[in-house]
Amino acid sequence: MKKFIAGENETGVRLSRFVESVTKDLPRSLLYKSFRNKRIKVNGKRAEADTRLCAGDVIELYINDEFFPAAPAPRQKRVPRQPPVRVIYEDDDIAVLYKPAHLLCHSDRTGDANLVDAFCAQLQAEGKYDPKAENRFAPALCNRLDRGTEGLVIAAKRYTALRDMNEIIRKDWMKKEYLTITVGAPPAGRHVAWLQHKEAGNKVRIHARESEGYKKIITDVTVIRQSGPFALCRIGLITGRTHQIRAHLAYLGHPVLGDLKYGNRTMNERTGLKTQALCAQRLTFGQIPEENTLHHLSGKVIKLADPAIVRQFDDLAQTIASR
């Protein structure tokens, strides 16, 4: 028999999901047989698979030891030096973090530093997160940005926040706005097209009309100001598809400056930019239902007060003026 005590981050978690998280290679047939045979109990009583846990609940699993993972053997691995994290907004549930260009959101095969591990390390140093005590949930990112894109990324500090922020994003209760520098000024207004993501080469195609295998995209464009061959634009994402902004602007004939995948090679070489001039600058929350634990974010606007991309555009403008 194995005994567990539900922590704060298990609040609201379905019991069957919890059991799956603490076991290994447990067949689903055996999982539900264990429920029927009263071999899974909460607070000393039989519990159903759809029982929702509360912090402090005692979960007893009368399941063979072979289905519980053995303690991992210690191993040496390269631990990248994580950078300090700039926090733009924080409360008990979430934090909105600034991700600089070139920093990964999550770890990958390169083993490079990444935002989520850096945030966990920072919380641990501040005494706000104990990976040993919270062994079934670690702070997690709710959205991501391409490696070359800078800007705002939302991190959930507890399970309920992750679940409810995912609902906010899924139901479009939050508006995301970006700043970008384009080659030439794209037509202002709302643009609709259809996008297809190709796994080979991790690249997308854009069609003007609905086509099989393509998903609808909607992108709002506002030109803030122009200088010579460049424009500083505000982009509103009505849909959020892979590479949507970069590919859609390129399709409109005015690619993001510095974009090596969809951009204007001549202009990129002329300016020396090797990273797309794209910044996730503002998050605006709409009305969030009271049953959502992040209801307190209703109407809140979180933004970068002094985004580097604006200074970058000013530098370009000054260079053009001095020629």
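Me: Which residues have the most contacts inside the largest nonpolar core?

Reply: Keep in mind that this is a predicted model. A core like this is a set of buried nonpolar residues joined through their side-chain atoms. Here the largest nonpolar core has 57 residues, and those with the most contacts inside it are Leu15, Ile59, Leu61, Ile94, Met165, Ile181 and Phe285. Helix α4 supplies the largest share of this core, five residues.

Me: What does Leu61 touch, leaving out residues up to four places away in sequence?

Reply: With those left out, Leu61 touches Met1, Lys2, Phe4, Val19, Val22, Arg39, Ile40 and Phe68.

Me: Let's go back to the rings. How many aromatic pairs does the structure hold?

Reply: There are four aromatic pairs. To read one, look at the distance between ring centres and the angle between the planes; over 60 degrees counts as edge-to-face. Phe4 and Phe18 make an edge-to-face pair, with 5.8 Å centre to centre and 80° between the planes. Phe4 sits in strand β1 (residues 2-5) and Phe18 in helix α1 (residues 15-22), so the pair links distant parts of the chain, 14 residues apart.

Me: Are Phe4 and Phe18 buried or exposed?

Reply: The cut-off for buried is under 20% relative accessible area. Phe4 counts as buried because its relative accessibility is 17%. Phe18 is buried too, with a relative accessible area of 2%.

Me: What about Ser227: is it buried or exposed?

Reply: Ser227 has a relative accessible area of 14%, so it is buried. This serine lies in strand β12 (residues 215-227). Leaving out residues up to four places away in sequence, Ser227 touches Phe313, Ala317 and Ile320.

Me: And what is the volume of the largest pocket?

Reply: The general idea comes first. Rolling a probe the size of a water molecule over the atoms shows where empty space is left. In this model, the largest pocket has a volume of about 1,300 Å³. It is lined by 42 residues, and the closest to its centre are Arg144, Leu145, Asp146, Thr242 and His243.

Me: How many cavities of 30 Å³ or more does a search of the whole structure find?

Reply: A cavity differs from a pocket in that the probe fits but cannot get out. The search finds one cavity of 30 Å³ or more. The largest cavity has a volume of about 40 Å³. Its lining is made of Asn143, Leu145, Leu152, Lys176, Glu177, Tyr178, Ala280, Gln281, Arg282 and Leu283. Strands β9 and β14 (278-285) each give two or more residues to this lining.

Me: Which element gives the most to the cavity lining?

Reply: For the largest cavity, β14 gives the most, with four residues. The classes here are five nonpolar, two polar and three charged.

Me: Now the backbone. What is phi of Lys38 near?

Reply: Most residues other than glycine have a negative phi. Phi of Lys38, though, is near 60°, a positive value. Lys38 is in the loop between α2 (28-36) and β2 (40-42). This lysine is partly exposed, because its relative accessible area is 47%. His102 also has a positive phi, near 85°, and is placed in the loop between β6 (94-99) and α3 (115-125).

Me: Stepping back, how many helices and strands does the protein chain have?

Reply: The protein chain has seven helices and 15 strands. Its C-alpha trace spans about 80 × 45 × 40 Å along the principal axes. Of its 323 residues, 45% count as buried. Among contacts with a separation of 6 or more, 64% are between residues 24 or more positions apart.

Definitions and conventions: Residues are numbered from 1 along each chain as its sequence is written. This is a predicted model: local features need pLDDT of at least 70, side-chain atom pairs count only at pLDDT 80 or more; totals for chains, interfaces and linings use all residues. Side-chain values use heavy atoms; hydrogens and water are left out. On a 1 Å grid over the protein atoms alone, a cavity is a set of points where a 1.4 Å probe fits but cannot get out, and a pocket is an open set with protein on both sides within 12 Å along at least five of seven lines; lining residues have an atom within 4 Å of a point. Grid points are joined across faces, edges and corners, and a volume is the space filled by probe spheres set on the points. Ala, Val, Leu, Ile, Met, Phe, Trp, Tyr, Cys and Pro count as nonpolar, Asp, Glu, Lys and Arg as charged, and the others, Gly among them, as polar. A nonpolar core is a set of buried Ala, Val, Leu, Ile, Met, Phe, Trp, Tyr and Cys residues joined through side-chain atoms within 4.5 Å. Buried means under 20% relative accessible area, exposed over 50%, partly exposed in between (1.4 Å probe, protein chains only). Contact means heavy atoms within 4.5 Å. Rings of Phe, Tyr and Trp (its six-membered ring) pair if their centres lie within 6.5 Å; planes under 30 degrees apart count as stacked, over 60 as edge-to-face and the rest as tilted.
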